Amino acid sequence: MTGVGHLVRLALRRERGIAPWWILLLVALALSLVAYINRAMGTYQLKLEYLDVIRGSAFFQGLGGGVPEPRLETFATWRSGGFLYVAGAFAAVMSVVRHTRREEDSGRSELVRSAVVGRSAQLTAALLVAAGMSLIGGLVTAVALIGAGLEPVGSLAYGTAIMTAGWVFAGVAAVAAQLVREAHTATVIGLSVLGISYVMRYAGDATGQTWLTYLSPIGWSHLVRPYQDERWWMLLVSALVAAFLSVAAYRLLGRRDLGAGMLSERLGRERAPELRGPISLAWRLHRVLLVKWAAGVAFFAAVAAGLSPLARDLLARPSIVVDNIVKLLGVHGDETLGAYSWYLILILAYSVALYPVLMTLRLRSEETSGRAEAVQATPVSRLRWAGAHVLLAGLGTTALMAVAGLVFGTLYALLVGDLATDVPRFLAGALSTVPAAWTVGAASVLAYALLPRASAAISWTVWILTAGLGKVAGPLYGVWDGTPLEPFHYIPNPFATASSEVTPALTLLALTAILLGGGLVALRRRDFG
């Protein structure tokens with residue numbers, strides 16, 4: 001364990017621009033949902049009405065985790081718990097991989113180990129930093145909720161459940177970092193386990209098969225049941241599993257070489273005749289991720305469209321809760337169901353806007369690894385190299401929204417509509433959001449060109465602010481149509497407007513062109529590497 005203290009301080013220095021934002025996100029989401037429940041369901045009668053909606057919907061039971069009691073505390077944690085547990089786990093996975101496997105990929109681990117540093121010091125430092133982040137995130141959230149007037153014991157249980165979710169997935173990431181030799185693959189493994197855990201928890205609560213929830217690491221945090229009967233023993237389960245995973249990671253670390261993984265790699269081909277230029281190379285690098293994104297978008301679009309019959313029945317019920325939903329949609333009468341479906345597509349659009357951001361960050365990764373410099377040692381210029389990645393990021397974003405529109409529109413038409421009219425309508429509606437997603441990606445390109453070292457933090461901030469200030473998250477704090485500070489605000493609802501308006505799309509395209517042009521010019525003029 002020699003050198004752990006120095007490595008912890010080094011990791012904390014690197015986390016200072018990342019961890020505070022994750023903690024702020026946890027606190028802001030928890031408090032915003034308390035405020036939302038107070039504002040939208042301020043009376044006991046309104047809570048009972050909403051409770052009836054939850055009892056009649058497997059979708060809502062899966063979303064929040066069962067059926068809550070009609071109280072402010074339980075409704076607020078029911079609405080936010082699933083997201084806060086996942087956010088804390090996500091941050092832990094990224095932190096552990098960043099300070100273990102990514103350090104080995106870059107060669108810094110070899111440099112560090114040339115000093116007086118123990119073999120397991122780097123893994124220990126990564127686990128301590130991730131565990132500390134989870135502890136602070138859970139504790140600050142609990143203190144904030146107590147300050148907002150919620151019950152102290154339940155708030156502590158809630159904050160501790162957030163903390164232990166981070167601990168468990170820090171252990172998952174630590175094991176993944178020992179199994180494979182690339183940080184990207186380790187991240188995919190960690191996030192895949194997180195996604196499977198969430199789906200298992202969701203399925204268990206939605207179907208009443210509680211054994212699925214008990215098998216899910218995310219489900220363990222839900223089963224703590226803060227503000228209800230506080231099952232403290234479930235926290236012990238999470239802590240023991242986190243400890244077991246950490247011990248397993250240490251054992252695996254002792255059995256592998258530096259820079260290698262426990263799982264053997266598949267050797268690639270000796271030749272790649274199809275790589276004839278920067279576009280084909282960029283496609284080779286991005287195609288696997290694009291396919292994964294397309295599969296995820298298609299899955300969630302299918303799930304959302306499958307709720308159309310339930311949404312139709314729900315919107316037909318007269319209640320204040322339904323009136324608030326109708327107010328959000330901005331339409332009345334027969335188009336209410338279609339507008340509700342458009343709102344679900346908009347959720348997918350905000351998610352897909354992350355895709356061009358990740359593709360832009362890949363440019364920075366290629367640059368820092370030295371691979372981009374090797375490519376540019378050929379007749380490929382810097383602008384052609386960057387332009388190929390940007391082009392495929394834009395086309396990929398368009399393809400993802402086309403998948404969303406086609407899958408959603410087809411299932412919607414089969415369940416409650418008409419194929420001839422609904423499929424083209426939803427496809428056009430989904431594609432109308434593409435200029436806004438391009439604008440988010442173009443802002444990331446400009447950040448990468450001007451401030452390459454800070455580009456990751458800036459790009460993530462742009463996407464988080466776009467989603468947090470948008471039409472989906474806005475209703476949580478009383479802004480029903482989002483804010484004019486994000487590009488999706490200017491995308492008209494095709495179910496609420498009588499005619500097709502092209503001015504917002506053209507404006508966003510012009511803004512995207514300006515940002516991209518500025519970014520490419522700046523990239524050409526700055527030092528590389």
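Modeller: A crossing is left-handed if the near helix is turned anticlockwise from the far one by less than a right angle, and right-handed if clockwise. This model is predicted: local features need pLDDT of at least 70, side-chain atom pairs need 80 or more, and totals for chains, interfaces and linings use all residues. Numbering runs from 1 along each chain as its sequence is written, and side-chain values use heavy atoms, without hydrogens or water.

Colleague: Which hand does the crossing of α9 and α13 have?

Modeller: Helix α9 spans residues 152–179 and helix α13 residues 233–253 (DSSP runs of H or I, at least four residues). Their axes (lines fitted to C-alpha atoms over the stretch in contact) come within 8 Å and cross at roughly 20 degrees. So α9 is roughly parallel to α13 (under 35 degrees). The crossing is left-handed.

Colleague: How many charged residues does the contact of α9 with α13 have?

Modeller: Among the contact residues (heavy atoms within 4.5 Å) are Trp 167 and Val 168 of α9, and Leu 245 and Ala 249 of α13. By class, 15 are nonpolar and five polar. The charged class (Asp, Glu, Lys and Arg) has no residues.

Colleague: Is Leu 127 buried or exposed?

Modeller: Leu 127 lies in helix α8, residues 121–147. Beyond four places in sequence, Leu 127 touches Val 96, Ala 170, Ala 174, Ser 246 and Tyr 250. Its relative accessible area is 12%, and under 20% (1.4 Å probe, protein chains only) counts as buried. Leu 127 is therefore buried.

Colleague: What share of the chain's residues count as buried?

Modeller: The chain has 24 helices and zero strands. Of its 529 residues, the buried share is 48%.

Key: Axes are lines fitted to C-alpha atoms, for helices over the stretch in contact, and angles run from 0 to 180 degrees between N-to-C directions. Helices (H or I, at least four residues) and strands (E, at least two) are DSSP runs, numbered from the N terminus. Angles under 35 degrees count as roughly parallel, over 145 as roughly antiparallel, 65 to 115 as roughly perpendicular and the rest as oblique. Buried means under 20% relative accessible area, exposed over 50%, partly exposed in between (1.4 Å probe, protein chains only).
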